[in-house]
Amino acid sequence: MKSYIKAMTPCFLLLLGVAGCARYQAKSLKRLVPQSAMQSNAHSLSFAYHVFTPQDCKKYLDRNVIAKGYQPVQITFMNNSNRHIRLSPHAFSFVCAQAYEVAQMVHTSTVKRAVGYGVAGLFIWPLLIPAVVDGFGSKKANEKLDYDFNKKILRDCVVSPFSMINGLIFVPRDEFETPFTLRVTDVNTHENFILHSHSASLVFEK
């Protein structure tokens, strides 16, 4: 019995290490630089955008959401004016998906991973412990993913004068195309302004 346990110890330690692979580690978004940020003498609205690559997805989302059918696009919007501007992810010229919808698609499968270890554990008892550890790790990773996706998403909001907002939109891949437009609204006057991705800036007269 002792020799059996001794022989199984390296495998047991290896399995514990594998069980710890269910995790979520993503970096914070860096702000892009809209054109109006470089036009200090002009009252303007503008935005910059960056279409994520699979490498960007891994760095900032720790999951390749493109492979699951969604294109992440980072948007940094600059309100360099004295207006209060309403910005909405529903005001693009394409449809945006909800963050929770995308997050569900890239969740780590807690049940599948735990069952995989658990079935084997019926025959090799040390595998029962990694089953429990990995199941717990997968659950925590999914919770962190949900929180981070929700934190990074671009929301419906009012952008105060001379301020900036930064976030992600998720677009179904078959819906995404460039160039595209973004419609924003002056909260007080109810004027609508259309910003185009190819120019991405609208200048007002002072």
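F176 is buried, at a relative accessible area of 19%; buried means under 20%, exposed over 50% and partly exposed in between, with a 1.4 Å probe and protein chains only. This is a predicted model, in which local features need pLDDT of at least 70 and side-chain atom pairs count only at pLDDT 80 or more, while totals for chains, interfaces and linings use all residues. Residues are numbered from 1 along each chain as its sequence is written, and side-chain values use heavy atoms, with hydrogens and water left out.

**Aromatic pairs**

- The structure holds 11 aromatic pairs, a pair being two rings of Phe, Tyr or Trp (its six-membered ring) with centres within 6.5 Å.
- F92 and F94 are stacked, because their ring centres are 5.6 Å apart and their planes meet at 5 degrees; planes under 30 degrees apart count as stacked, over 60 as edge-to-face and the rest as tilted.
- Both residues are buried, F92 at 7% relative accessibility and F94 at 6%.
- F94 also forms a tilted pair with F176, at 5.5 Å centre to centre and 55 degrees between the planes.
- F94 lies in the loop between β3 (85-87) and α3 (99-105) and F176 in the loop between β5 (163-172) and β6 (181-186), so this pair ties together parts 82 residues apart in sequence.
- Helices (H or I, at least four residues) and strands (E, at least two) are DSSP runs, numbered from the N terminus.
- One aromatic cluster is formed by F47, Y49, F92, F94, F176 and F180.

**Cysteines**

- The count of disulfides is zero, where a disulfide is a pair of cysteine sulfur atoms within 2.5 Å.
- C57 is buried at 0% relative accessible area, and C96 is buried at 12%.

**Largest pocket**

- The largest pocket has a volume of about 210 Å³, the volume being the space filled by probe spheres set on grid points joined across faces, edges and corners.
- A pocket is an open set of points on a 1 Å grid over the protein atoms alone, where a 1.4 Å probe fits, with protein on both sides within 12 Å along at least five of seven lines; lining residues have an atom within 4 Å of a point.
- Its lining has 16 residues, of which A97, Q98, A99, I153 and L154 lie nearest the centre.
- α3, α5 and β5 each give two or more residues to this lining, and α3 gives the most, with three.

**Residue E143**

- E143 is found in helix α5 (residues 128-152) and is partly exposed, at 36%.
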